[in-house]
Amino acid sequence: MSPSASNTAGPAPRFAVVGVPGNRRVALFQDAVRAAGLPAARVVSWLDVLRGEAAFRPGETVRMDSPGEDAEVERLLRAVGDPTRVEGTALWYARFTEAVRAVAQAAAASGAALLDDPGDVAVLFDKRLCHAVLDDAGVRVPASPTSGAAAPEVRDWADVRERMTAHNMPRAFVKLAHGSSASGVLAVETAGPGRVRATTSVERDTAGRLFNSLRVRRCTTEREVAAIVDALAPDGLHIERWLPKATQCGRAADLRVVVVAGRATHAVVRTSDSPMTNLHLGGTRGDLDDVRAAVEAAGSSWTEALALCERAAACFPDTLCVGVDLLPSTGWRRFAVGEVNAFGDLLPRLTGLPGSGAEGQDTYAAQVAAVLNRARNHRATATP
């Protein structure tokens, strides 16, 4: 059970959450705050931030959440009228990171404390930069020819093809550098000149515009793949080696592991018939107990797998919570980190891992408990 305000000495934290009012993420966080016996969090909308109207109060603990699922916010960030459009992520990144910095400046000016570091957020939302940070820290990641700020720009399909060939990558994931939720992702397979196919959720209309779809489909000609990649390239692309994944019940499997205050607290198995395991694209939750058993039977260690996620999260020490995409190799013997997500905690009804300290808590309750623990520890060390 989350610690309540009544069993902590001294004033309890007062939360403010920057998010989309009425959104399920904000609602779940509010539920966790109230369950801890604290006053409801004050909600500051991303619209107010983008309009320069956000303000915080002295002593508030400020948590930023996703700006997604709001059409007006999307329009302001990406300058597109239809939120299902794929294009515009480079502009989204520039405007969103500017908004995050504005939140940090407003919080600092008012004497509020921030749970998400603006520098961390800027790296987490650039797959090229995030990959390099993880690699430099010794965290195993898929090989990539686009890792780091110094990597050459990927201008079009010809560049993708050349890099895949030069780095001996017959299969690769091509991703928008600033994409999320598998938007703009292509799982590309090549087998000689002209033999190309890709799995993606991107739909291209007759005018060449790109749209996100909830239906994963297969592009079977190089011309079709090239047209999509060429349209995506102006927003920035990241290329990664496609690592063969372990399976569960005949379906490709990976894991989302939530790390709160440096500790892996929650994990969900995602399985799919396609290379993309995202739950909104038809992926389903797998059996975590079976995964643990398979890892141990393979002579590997579930504890070490979670430790890898904690090492990835440690690359972002000033951000309270991240979601780590953990990629198990065929046979469950090894793991790599695919991505680290700033807002990767939306896992409704999922309770904490045994021994994590978050047993019985969802991801939001675990974050509230971590803030309360920090407050108690701070008061304890400040007491003569």
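These notes walk through a sheet, its helices, a helix pair and some salt bridges in a predicted model.

1. **The sheet.** Start with the open sheet of four strands. Its order is β2-β1-β3-β4, and the pairing is parallel. The edges are β2 and β4, each of which pairs on one side only.

2. **Pairing of β1 with β2.** Strand β1 covers residues 14-19. β1 and β2 pair in the parallel sense over four bridges. For a landmark, look at Gly 19: its bridge partner in β2 is Ser 45.

3. **Pairing of β3.** On one side, β3 pairs with β1 in the parallel sense, over five bridges. Val 18 stands opposite Met 64 of β3 here. β3 also pairs with β4, residues 113-114, again in the parallel sense and over two bridges. Val 62 has Leu 114 in β4 as its bridge partner.

4. **Burial of β3.** How many of the five residues of β3 are buried? Five of the five are, and the strand is mostly covered. In a regular strand, side chains alternate between the two faces of the sheet. In β3, Glu 60, Val 62 and Met 64 lie on one side, with Thr 61 and Arg 63 on the other. Both faces are covered, and these residues are all buried.

5. **Helices across the sheet.** Helix α1, residues 24-35, lies across β1, β2 and β3. α1 runs at about 170° to β1. Helix α4, residues 89-110, lies across β1, β3 and β4. The angle of α4 to β3 is about 175°.

6. The side chains of Arg 42 and Glu 60 form a salt bridge, at 2.9 Å from N to O. Arg 42 belongs to β2 (residues 42-45) and Glu 60 to β3 (residues 60-64). The pair links distant parts of the chain, 18 residues apart. Are the two partners buried or exposed? Arg 42 counts as partly exposed, because its relative accessibility is 22% and the buried class means under 20%. Glu 60 is buried, with a relative accessible area of 2%.

7. **A salt-bridge network.** The structure holds 29 salt bridges. Some join up: Lys 245, Asp 254, Arg 256, Arg 270 and Asp 325 are linked in a network. Within it, Lys 245 meets Asp 254 at 2.9 Å, N to O. Arg 270 also meets Asp 254, at 3.1 Å, N to O. Arg 270 sits in strand β12 (residues 263-272) and Asp 254 in strand β11 (residues 251-260), so their bridge ties together parts that are 16 residues apart in sequence.

8. Asp 254 is buried, at 3% relative accessibility. Arg 270 counts as buried too, at 8%. Lys 245 has a relative accessible area of 19% and is buried, because the class takes values under 20%.

9. **Two crossing helices.** Helix α7 (residues 157-166) and helix α8 (residues 222-232) have axes that come within 8 Å. They cross at roughly 110°, which means that α7 is roughly perpendicular to α8. From α7, the contact uses Trp 157, Val 160 and Arg 161. From α8, it uses Glu 222, Val 225, Ala 226, Val 229 and Asp 230. What kinds of residue make up the contact of α7 with α8? Five are nonpolar and three are charged, with no polar residues.

Note on methods:
Residues are numbered from 1 along each chain as its sequence is written. This is a predicted model: local features need pLDDT of at least 70, side-chain atom pairs count only at pLDDT 80 or more; totals for chains, interfaces and linings use all residues. Side-chain values use heavy atoms; hydrogens and water are left out. A salt bridge is a side-chain nitrogen of Lys or Arg within 4 Å of a carboxyl oxygen of Asp or Glu. Buried means under 20% relative accessible area, exposed over 50%, partly exposed in between (1.4 Å probe, protein chains only). Axes are lines fitted to C-alpha atoms, for helices over the stretch in contact, and angles run from 0 to 180 degrees between N-to-C directions. Angles under 35 degrees count as roughly parallel, over 145 as roughly antiparallel, 65 to 115 as roughly perpendicular and the rest as oblique. Contact means heavy atoms within 4.5 Å. Ala, Val, Leu, Ile, Met, Phe, Trp, Tyr, Cys and Pro count as nonpolar, Asp, Glu, Lys and Arg as charged, and the others, Gly among them, as polar. Two strands pair if DSSP finds at least two bridges between them.
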